[in-house]
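Here are some short notes to read alongside the structure. Please keep the view open as you go through the points.

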Amino acid sequence: MEWNIPLFEGQLIYLASIKPDKDAEIESRWTHDAGYQRLLGTDLVRPLSPAQIRKIYTEIEKEIDEKGNQFYFTIRRLPHVMNAESSGNGAGDLLGFIRLDRIEWSQGVGSVSLGIGESIERGKGYGSDALRLLLRYAFGELNLFRLAAVVPEYNQAALRLFEKAGFKVEARQREALHRAGSRWDIIRLGLLREEWEMR
Amino acid sequence: MVNPNRSNKQWESPMNVPLFQGELVRLIAPEPQLAAGLHTRWMRDSEFVRLLDTDPARLLSVDKNKEWYEKNLVEEQKNDELFLLIQTLEEDRTIGLIGLDGIRWTHGDAWVGIGLGEREYLGKGFGTDAMRILLRYAFEELNLHRLSLSVFEYNPRAIRSYEKVGFIVEGSARQFLNRDGQRYDMIFMGILREEWEKR
């Protein structure tokens, strides 16, 4: 593999840091979409104000500084994609986030999660593009050995996204979620460095 | 008005069940000074450390451990965690630790952890007894729906104990651990309330 391929630039999107003021406004709007929050995972679903979101950003950045066991990127549309998309969603270039956390350096492991906040922007390949960059970052830059992903059973799009990227289903935690009056499994996936290299 | 069909259920006697006591052990709240002394000694035993969790083994002073107990169990009494010590009924000897963390109240799920620091009590049913107490507490008092745990591939004694109380293997994170240059799986197990009730 070439050593000088851009790490943070994909075909449709690029990975960038948080821009607290602008992003918080948009992300606050996304938290008012309970469907989005339920897709993300197990956290309590609740609307958050921009001020609350900014506090979360501060906490994330504090944790990154103090513990050094995670990376957080915003997913942003590349300019040429921005121009091609006629229907602006008012969000500017922000599409979502991708996060690599629970890194245990001694074991060489970490965990990936991502979200495309604007529902009309899902299914357009932005998540796949971001995940491809993150995998290269995790294996090619951080030299991790394996990655995990945790997906609620009802998020079939996420399951397909991870499987397409090479992840294998490793465990099902039966009825670990209680959402909308039903019990759902949590699906745990894993990807080893050697599996990623063979692709 | 008395309902004649109502079962003659005694609510007083179940209320008096010694919830924190089993056949061999009882669970007690850790007093920081005592707990820190034991913890410091147990952490010198690298087998204990490598069976307990994925963190790298390291040595901390009694004072540092005491600080941890004071901060985490006294100053910040978290609603999503429970940390107890295991004490023998016969000799009042404190032999290990047990607890819940990541309690997700809305989903009724929590992670269980247990470790026996005093080697001579391993493999004699003390851990299994402590786990039974914790399961009863989790299901009958906390009204949880399921419990999760993770255990390392090289710890068959623990796996047998968990199976004895009703946990089922739900999958494994392949090659999660790196110990002395060799990789091992981390196995996930779970038990549902209904499985526990049927026993």
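1. Which residues does I86(B) touch, not counting residues up to four places away in sequence? This is a predicted model. In it, I86(B) touches V25(B), L27(B), I95(B), G96(B), L97(B), I98(B), F126(B) and A130(B).

2. I86(B) belongs to the largest nonpolar core, which has 83 residues. I86(B) is among those with the most contacts inside that core, along with I75(A), A130(A), L134(A) and A130(B). In soluble globular proteins, nonpolar side chains tend to be buried together.

3. Next, the contact between the chains. Chain B gives 22 residues and chain A gives 21 residues. On the side of chain B that touches chain A, β5 (146–152), β6 (168–179) and β7 (182–192) of chain B each supply at least two residues. The largest share, nine residues, comes from β6(B). By class, this side of chain B has six nonpolar, eleven polar and five charged residues.

4. Now helix α1 of chain A, residues 20–31. At 1.5 Å a residue, its twelve residues should span 16 Å, and the end C-alpha atoms are 16 Å apart, so the two agree. Its buried residues are D23(A), A24(A), I26(A), E27(A), W30(A) and T31(A). Their cover includes α2 (34–40), α3 (50–67), β2 (71–77) and β3 (94–104) of chain A.

5. P20(A) is found in helix α1 of chain A. Is P20(A) buried or partly exposed? P20(A) is partly exposed, because 15 other C-beta atoms lie within 10 Å, and a buried residue needs 20 or more. Leaving out residues up to four places away in sequence, P20(A) touches R54(A) and Y57(A). P20(A) and T58(A) are 38 residues apart in sequence, yet 8.7 Å apart in space, C-alpha to C-alpha.

Definitions and conventions. Residues numbered from 1 in each chain as written. Chains lettered and ligands numbered in written order. Predicted model: local features only at pLDDT ≥ 70, side-chain atom pairs only at ≥ 80, totals over all residues. Contact = placed C-beta atoms within 7 Å. Helix = DSSP H or I, 4+ residues; strand = E, 2+ residues; numbered from the N terminus. Nonpolar A, V, L, I, M, F, W, Y, C, P; charged D, E, K, R; others polar. Core = buried A, V, L, I, M, F, W, Y, C linked by C-beta atoms within 7 Å. Buried ≥ 20, exposed ≤ 12 C-beta atoms within 10 Å, placed from the backbone. Expected span 1.5 Å × (residues − 1).
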